[in-house]
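User: Please take a close look at a single part of this model, the side of one chain that touches its partner. I would like a connected account that begins with the fold of that chain.

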Amino acid sequence: MTTSGSDVTVEHVVRRVAARHRGERGALLPVLHAVQAELGHVPQEAIPVLADEFNLSRADVHGVVTFYHDFRREPAGRTTVRICRAEACQALGANSLVGYAREAGLSLGETTADGAVTVEQVFCLGNCALGPAVEVNGRLHGRVSTAGLGAILNGTVSS
Amino acid sequence: MNNTSQATAKVYVPRDSAARSVGADEVADALQLAAVGGDFDVEVVRNGSRGMLWLEPLVEVVTPQGRVGYGPVAPSDVEELLAAGMLDGADHPLRLGIVDELPWLARQNRVTFARIGVTDPLSTEDYVEHGGLAGLKAALARAPEDVVTEVTDSGLRGRGGAGFPAGIKWKTVLGCTDELKFVCCNADEGDSGTFADRMVMEGDPFMLIEGMTIAAHAVGASEGYLYIRSEYPDAVATMRAAIGIAREHGWLGKGILGSALDFDLHVRVGAGAYICGEETSMLESLEGKRGTVRAKPPIPAIEGLFGKPTVVNNVLTLATVPVVLADGAKAYQELGVERSRGTQVFQLGGNIAHGGIVETAFGVTLRELVEDYGGGTFSGRPVRTVQVGGPLGAYLPTSMFDLPMDYEAFAAAGAMVGHGGLVVFDDSVDMAAQARFAMEFCAEESCGKCTPCRVGSVRGVEVIDRIVAGEHRDENLALLEDLCDLMTDGSLCAMGGLTPMPVRSAITHFPDDFLGGRRTLEIQPVTATGTRTEGTA
C-alpha cells in the first residue's frame with residue numbers, strides 16, 4: 001500500500017469506523033455508510049482496509065460497494081438533487097423535471113464542473129400523493145413544478 | 001385578538017415527511033415564533049399525519065368540541081389564522097371542521113392507523129393512553145404457541161405484497177429448536193405508490209416495536225433487525241429515537257415489562273437497492289453482502305439471517321399484530337371478505353386529487369377508492385388507468401373499476417392487490433412508455449443473479465422499442481409474450497417474475513398505445529400551491 005497522506009487519512013477513518021461497529025453482526029453496510037458520511041464517498045483506498053478489517057477479499061468488498069446505488073466512488077457536488085422518477089411521480093410529470101434539468105445542462109448522475117450540483121434520479125421517495133417529489137441534500141420537497149426545480153437548482157431554495 | 005385563550009392552546013402540526021415536504025416545519029416554526037413573541041400562548045405538538053395528504057400541512061387545534069383542522073396551511077397563512085382566532089377554532093377559509101368527523105376519515109375503518117396522526121409519535125404517555133402495549137401485555141400473559149394460534153386465527157396475511165399467512169410463518173420459526181432466532185422487519189418500502197410503512201415508522205414507531213416484540217415472544221427470538229431504506233431518513237431517525245426510549249422504559253432489552261422475555265432491536269439502513277425489499281436479498285444485505293436473491297428452499301423461517309430461523313415480515317404486518325392480540329383474533333377476522341381478512345391500508349398516489357391513506361376492510365372496490373376517496377385526478381383530466389400493487393402490479397383500465405379489493409379476485413383478473421398501493425394516471429399517459437419503463441426498471445434494479453430477470457428485462461426494453469417503432473410488430477409482440485412467459489416462470493424471485501404483469505396488462509388493456517405514434521398529451525402543469533382543497537369527502 002502506498003503511504004501518501006490521503007491514504008493514511010482514509011485508512012485511519014476506516015479503521016476507526018470499523019472499530020466502532022466491531023460488535024455488530026454483518027457490519028459492512030453500516031461501516032460503509034459511516035465512511036461515506038465522513039469522507040463524502042467510499043474511496044478506492046478504503047477497499048483494502050475494509051477487506052482487512054472484515055477478513056474478506058478485496059473483490060468481495062468491491063462487489064458490495066458497487067452493488068448499492070448509495071455508495072459513491074467519487075465525491076458528490078455541494079448540493080445533491082434527487083428527482084423521483086417512479087410511477088407515482090411520473091404520473092405528475094416527473095419526466096418533465098428531468099427534461100428541465102437536462103436543458104439546464106445537468107445530466108442525471110453527473111456533477112457540474114464547478115462541483116456545485118449533482119443531479120440524480122431516485123425511484124420513490126415515499127411522497128407518492130404529493131408528487132412530483134425532489135430531494136435536496138436529504139430534504140424532501142413535494143409538488144415540485146419546473147419553476148420550483150429551477151429555484152432549487154439556482155440555490156434560491158434552501159435545503 | 002387573543003382575548004379568549006387564557007390557557008395554552010395545543011396545536012398539532014405533523015412531522016411526517018410528506019407534510020414536511022410541503023412546509024410543515026415552516027408552519028410549526030411560525031407558530032412557535034408567535035408563542036415566543038408572547039402574542040399567543042401556543043404549545044406545538046408534532047404528530048404523525050392523518051393521511052389526508054392533499055390537506056398537508058394540516059394544522060389541528062384542540063378545542064372543547066374536538067380537534068379542529070385547518071389546511072393546507074402555508075407558512076404565510078399562520079399570522080392571519082392566528083389573528084382570525086384559529087386557537088379557538090374560529091372560522092376561516094382554511095377551516096375544515098372537526099377532523100375526526102371529516103367524511104373522508106370517518107368512513108374509514110382505521111385499525112393499524114388508529115393512532116397515526118392523532119398522537120405524538122415519540123410520546124410514551126400518548127402511546128399508552130391510546131391503547132399501546134395492550135397487545136404486548138396480552139401476548140406476554142400467554143404461551144408462545146397460543147400467540148401464534150391467535151395470529152393464525154386472525155387470518156392476518158403478510159402485507160408486504162405476497163399475502164402469505166403470518167401465523168404459519170411464525171409457527172415454522174417457533175418449531176425450530178435453535179438457541180438463536182431473529183425477527184426481521186422488512187422496511188425497504190421501495191415500490192412507487194407505497195408510503196404506509198414510512199408513515200407507520202414516522203407516525204407510530206412504538207407500534208412497530210411492540211409488534212416485533214410480540215413476534216419475538218411468539219417464536220422465541222432474542223434479536224430483531226429493522227431494515228429501513230436509506231430514502232427514508234425521517235423514518236430512520238424516528239425509529240432510532242423510539243428504540244432508545246423503549247429501552248429506557250423497559251419495553252425492549254432484558255425482562256421486558258417484567259416478563260422473562262429478553263429482546264433487543266437494531267435499525268439497519270439500506271443503501272439504495274430496490275431488490276433488498278425481497279426478503280432473502282434483505283437478509284443478504286443485513287449480513288453485509290451484495291443484496292442478491294437466495295434460492296428457496298431453505299425458507300428464511302428455517303434458515304434465515306446468519307443461517308438462523310428468522311421471522312421476516314413487512315412493517316404493516318408487524319404493526320398490525322398488537323391490535324390482533326389486544327382485540328383478539330375474532331374481532332380482526334370479522335373484517336374483510338373471503339380469505340382476505342382484516343383491513344388493508346390502501347395508499348392513493350400519483351395523479352389523484354385526494355391522495356393519502358385509506359384503511360378499510362378488504363372488499364372495497366377500485367372505483368370507491370379512486371373516485372370516492374380519491375376524488376379523481378389531480379390534473380382534472382379523466383382517469384385512464386390505475387397501477388395497483390407497485391411497479392410489478394397490473395395497469396387496470398376504468399372498465400375494471402368494480403373489481404373488489406381481494407387477493408384472490410385480483411389474482412383471477414391477472415392483477416395483484418400487493419401492498420395496496422394505487423397509482424392513478426390521467427389520459428395523458430402513454431402505456432407503451434409505461435410498459436417499457438417496467439422493463440427498464442427491472443433492468444436497473446435486478447440483482448443480476450438470474451438470467452431471465454437480468455437479461456430478459458434488457459431484451460424486453462428492446463422488443464418494446466421495436467414494437468412501438470412498427471418493426472415486424474406481430475412477430476415482436478409474440479416474442480415479447482414469449483419473453484414474459486420465460487421471465488414469469490424462470491426468475492428466482494418476484495422482481496423478474498412479476499415484471500411481466502405491468503407489461504402484459506398494458507398490452508391487453510391498452511393495445512392501441514403500442515401501435516406507435518400515440519399523441520403525447522400535454523400534462524397539466526403542477527403548481528406549488530396547486531393542492532385542491534374543495535370537498536374533503
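Analyst: In this predicted model, chain A runs along its sequence in the order α-α-α-α-β-α-α-β-β-β-β-α, which comes to seven helices and five strands. The C-alpha trace of chain A spans about 50 × 35 × 25 Å along its principal axes. Chain A has 159 residues, of which 54% count as buried. Among its contacts between residues at least 6 apart in sequence, 58% join residues at least 24 apart. The accessible surface of chain A comes to about 6,800 Å², with 49% belonging to carbon and sulfur atoms.

Turning to the interface, 43 residues of chain A are in contact with 68 residues of chain B. The area buried between the two chains is about 4,100 Å², and carbon and sulfur atoms give 56% of that area. Of the area that chain A buries against chain B, 19% is supplied by Arg25(A), Glu87(A) and Arg143(A), more than by any other three residues.

As to polar interactions, the count between chain A and chain B is 27 residue pairs in polar contact, with both residues at pLDDT 80 or more. Five elements of chain A each supply at least two residues of the side that touches chain B: helix 2 (28-39), helix 4 (58-67), helix 5 (87-90), strand 3 (117-122) and strand 5 (139-141). The residues on this side of chain A divide into 20 nonpolar, 14 polar and nine charged. Three salt bridges are found across the interface of chain A and chain B. In a salt bridge between Arg139(A) and Glu26(B), the side chains meet at 3.2 Å, N to O.

Notes:
Residues are numbered from 1 along each chain as its sequence is written. Chains are lettered from A and ligands numbered from 1 in the order in which they are written. This is a predicted model: local features need pLDDT of at least 70, side-chain atom pairs count only at pLDDT 80 or more; totals for chains, interfaces and linings use all residues. Side-chain values use heavy atoms; hydrogens and water are left out. Contact means heavy atoms within 4.5 Å. Buried area is the accessible area (1.4 Å probe) that two parts lose on being put together, summed over both. A salt bridge is a side-chain nitrogen of Lys or Arg within 4 Å of a carboxyl oxygen of Asp or Glu. A polar contact is a pair of N or O atoms within 3.5 Å; within protein, one must be able to donate a hydrogen and the other to accept it, and residues adjacent in sequence count only if both atoms are side-chain atoms. Helices (H or I, at least four residues) and strands (E, at least two) are DSSP runs, numbered from the N terminus. Ala, Val, Leu, Ile, Met, Phe, Trp, Tyr, Cys and Pro count as nonpolar, Asp, Glu, Lys and Arg as charged, and the others, Gly among them, as polar. Buried means under 20% relative accessible area, exposed over 50%, partly exposed in between (1.4 Å probe, protein chains only). Accessible areas come from the Shrake-Rupley method with a 1.4 Å probe; for residues, only the protein chains shown count as cover.
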